[in-house]
Amino acid sequence: MKRFLDLADLGREEVIALLELARRLTRSPEPHALSGKILGLLFLNPSLRTLASFQAGMARLGGTSFVITPGQGTWQLETKRGAVMDGAAAEHVREGIPVLASYCDALGIRAFADGKDLGADLAETRFNAMAGLVDKPLINLESAVNHPCQALADWKTMDEVGVPRDGRFVLSWAYHPRPLPLAVPAAALHMAALRGMQVVVLRPEGFALPKALMDKARRAAELSGGSVRETDERNEALSGAHIIYAKEWSATSCYGDAEADAALRARLAGWCVRNDWFARAAADCRLMHCLPVRRNVAVADEVLDSGRSIVQLEAYNRLTAQMAVLYRLLKGI
Ligand code: CP
């Protein structure tokens, strides 16, 4: 494995093998496996879990890491091609990224969507421009429409709590005061389809996931025996659910138009996951969310503090799943 950018690049059997490696590294730790190896982490956007879990994972495998957060102690980086750099950014990624890559054995990059042009974000224009500058193993730490590290950890988490491979996975839009990127819903949708689940995307009018993302998930479902559909009928969607995966995302009917998005979401504060969402679900239905989550806005205390919530295990599995990714990328086996 040379790059970890998208679960779709791996396929189902390779994902399952990667998760088996993650379990092996938990059962039989290898504290010197990556001795002498250095991971570079470039965060163009904030993080808690991704940053801490990659640093901890490298340390647990005997390697080390450095973190660059442009504009906070390091030069602010320009990402746009052809930019006239007479503003705050002192350095362009075209110089900065090859320099960083030359210092390390693998590089991770987090670069969220611009959130203005849906076509450009779906094409991963910003992330791909940077990926093209890296000649080392590369990890996607969250791009415009992907978060493969989160998806891998989520798959592992469902395995660990016994969610059936063909169970019902409801990816539900949840309220947030601002438009958020499509990366996590896109990655969760594809992951659940690839796992072979019966996937239902539950969202209000105006928030349908783009056709390109639904088509990609349908292709994965065809290969794995799963299914993918979309609805705005909450009771019907949640009936028999094994997982309610709550996530906030932008209005796609007016992508990039902040005013129109705000007008649409103003009526949707009721999309906060509460106990009554589980009334028709499977008895052992669990709540997933990638975190960070706004309590009593996206998900109520009564759910997050209940036995249904597996958000802490999801976050912990960022560490265990990513250790397998690092091992594959840096040991090459
Ligand atoms: N879920 C996730 O990626 O968390 P961070 O944004 O804190 O890294």
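This is a predicted model: local features need pLDDT of at least 70, side-chain atom pairs count only at pLDDT 80 or more; totals for chains, interfaces and linings use all residues.
Me: How much space lies in the largest pocket?
Reply: The largest pocket holds about 410 Å³ of space.

Me: And how many residues line it, and which lie nearest its centre?
Reply: The lining of the largest pocket consists of 22 residues. Those nearest the centre are R110, F112, E142, L291 and P292.

Me: What classes do the lining residues divide into?
Reply: Ten residues of that lining are nonpolar, five are polar and seven are charged.

Me: Where does the largest pocket lie relative to the domains, and why?
Reply: The largest pocket lies between domain 1 (3-147 + 318-330) and domain 2 (162-309), because both domains give residues to its lining.

Me: What about the ligand? Which space does it take?
Reply: The ligand takes the space of the largest pocket.

Me: Which residues are around the ligand?
Reply: The residues around the ligand are S47, L48, R49, T50, R110, H147, Q150, C290, L291 and R318. By class, three residues of this shell are nonpolar, four are polar and three are charged.

Me: Which atoms of S47 and C290 come into it, and at what distances from the ligand?
Reply: In S47, an N or O atom of the side chain is 2.6 Å from an oxygen atom of the ligand. In C290, a polar backbone atom is 3.0 Å from a nitrogen atom of the ligand.

Me: How much of the ligand's accessible area does the protein cover?
Reply: On its own, the ligand has 260 Å² of accessible area, and the protein covers 94% of that.

Me: Changing topic: how many cavities of 30 Å³ or more are there?
Reply: The count comes to two cavities of 30 Å³ or more.

Me: How much space lies in the largest cavity, and which residues line it?
Reply: About 40 Å³ of space lies in the largest cavity. The lining of this cavity is formed by V145, N146, A186, A187, L189, H190, L213 and K216.

Note on methods:
Residues are numbered from 1 along each chain as its sequence is written. Side-chain values use heavy atoms; hydrogens and water are left out. On a 1 Å grid over the protein atoms alone, a cavity is a set of points where a 1.4 Å probe fits but cannot get out, and a pocket is an open set with protein on both sides within 12 Å along at least five of seven lines; lining residues have an atom within 4 Å of a point. Grid points are joined across faces, edges and corners, and a volume is the space filled by probe spheres set on the points. Ala, Val, Leu, Ile, Met, Phe, Trp, Tyr, Cys and Pro count as nonpolar, Asp, Glu, Lys and Arg as charged, and the others, Gly among them, as polar. Domain bounds come from an automatic or database domain assignment. A residue is near a molecule or strand if one of its heavy atoms lies within 4 Å of it. A polar contact is a pair of N or O atoms within 3.5 Å; within protein, one must be able to donate a hydrogen and the other to accept it, and residues adjacent in sequence count only if both atoms are side-chain atoms. Accessible areas come from the Shrake-Rupley method with a 1.4 Å probe; for residues, only the protein chains shown count as cover. A molecule sits in a cavity or pocket if more than half of its atoms lie within 2 Å of its grid points.
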